[in-house]
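Trainee: Could you walk me through this structure? I'd like to start with the overall fold and then look at some charged side chains.

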Amino acid sequence: MTATSFASIRIITADVPALVAFYEKIAATTADWATDLFAEVRTPAARVAVAGTATLAPFGIRLDPAANRSVIVEFLVTDVDAEYDRLTGELDGLKVVQEPTTMPWGNRSLLVRDPDGNLVNLFTPVTAAAQERFGQPG
């Protein structure tokens with residue numbers, strides 16, 4: 001049996017540059033652009049791929065960009081409060097859904113919306129149980 005590893009999530013959008021710029025700020029890195037319609041923001045664990053709607057046309061697939069109502073893109077960060085301060089200073093018009101809050105399952109979480117309205121969660125495990133789940137030192 002082969003091992004399966006999560007590699008990426010791909011977000012289809014009508015505005016590739018805006019979404020890529022947002023995720024570059026979130027991940028504090030520069031995207032790798034394959035074409036003007038496709039870029040990847042790489043993190044140590046996985047990638048956020050951003051693609052324009054035209055990338056699906058050859059396959060006859062049509063999606064409704066910015067209509068996500070059930071997925072949250074999540075980023076494990078060292079200090080969610082510091083990330084909140086950084087992002088509110090660097091991203092004009094950051095749409096904060098929930099300021100840093102400690103959740104009952106032990107993560108301190110910040111919820112924002114990307115330019116297409118998708119929910120993005122930045123979190124830091126803060127309880128011993130949560131830190132253990134994510135292999136974090138206590």
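Mentor: We will go from the whole chain down to single residues, keeping in mind that this is a predicted model.

Trainee: How many helices and strands does the chain have?

Mentor: The chain has three helices and eight strands, and if you read along the sequence they come in the pattern β-α-β-β-β-β-α-β-β-β-α. The radius of gyration is 16 Å, close to the 14 Å that the globule rule gives for 138 residues, so the chain is as compact as a globular protein of that length.

Trainee: And how much of the chain counts as buried?

Mentor: Of the 138 residues, 36% count as buried, while the chain exposes about 8,400 Å², with carbon and sulfur atoms supplying 53% of that area.

Trainee: Switching to charges, how many positive and negative side chains are there?

Mentor: There are 11 positive and 17 negative side chains, and the centres of the two sets lie 5 Å apart. The count of salt bridges comes to seven.

Trainee: Pick one for me. What does Arg 42 form a salt bridge with?

Mentor: Its partner is Asp 32, and the closest N and O atoms of the two are 2.5 Å apart. Arg 42 lies in strand β3 and Asp 32 in strand β2, so the pair ties together parts that are 10 residues apart in sequence.

Trainee: What about the salt bridge of Arg 47 and Glu 40, how far is it from N to O?

Mentor: That distance is 3.2 Å.

Trainee: Is Glu 40 buried or exposed?

Mentor: Glu 40 is buried, because its relative accessible area is 15% and the cut-off for buried is under 20%. Arg 47, with a relative accessible area of 31%, is partly exposed.

Trainee: Where in the chain are Glu 83 and Arg 86?

Mentor: Both are in helix α2, which covers residues 80-90, and being three residues apart there, they are separated by about one helical turn.

Trainee: Last one: where is Arg 69 found?

Mentor: Arg 69 sits in the loop between β4 and β5, and this residue is exposed, with a relative accessible area of 72%. Its C-alpha atom is separated by 9.1 Å from that of Gly 117, although the two residues are 48 residues apart along the chain.

Definitions and conventions
Residues numbered from 1 in each chain as written. Predicted model: local features only at pLDDT ≥ 70, side-chain atom pairs only at ≥ 80, totals over all residues. Heavy atoms only, no water. Helix = DSSP H or I, 4+ residues; strand = E, 2+ residues; numbered from the N terminus. Rg over C-alpha atoms; globule rule 2.2 N^0.38 Å. Buried < 20%, exposed > 50% of the residue type's maximum accessible area, 1.4 Å probe, protein only. Areas by Shrake-Rupley, 256 points an atom, 1.4 Å probe, with all protein chains shown as cover. Lys, Arg positive; Asp, Glu negative; His and termini not counted. Charge placed at Lys NZ, Arg CZ, Asp CG, Glu CD. Salt bridge = Lys/Arg side-chain N within 4 Å of Asp/Glu carboxyl O.
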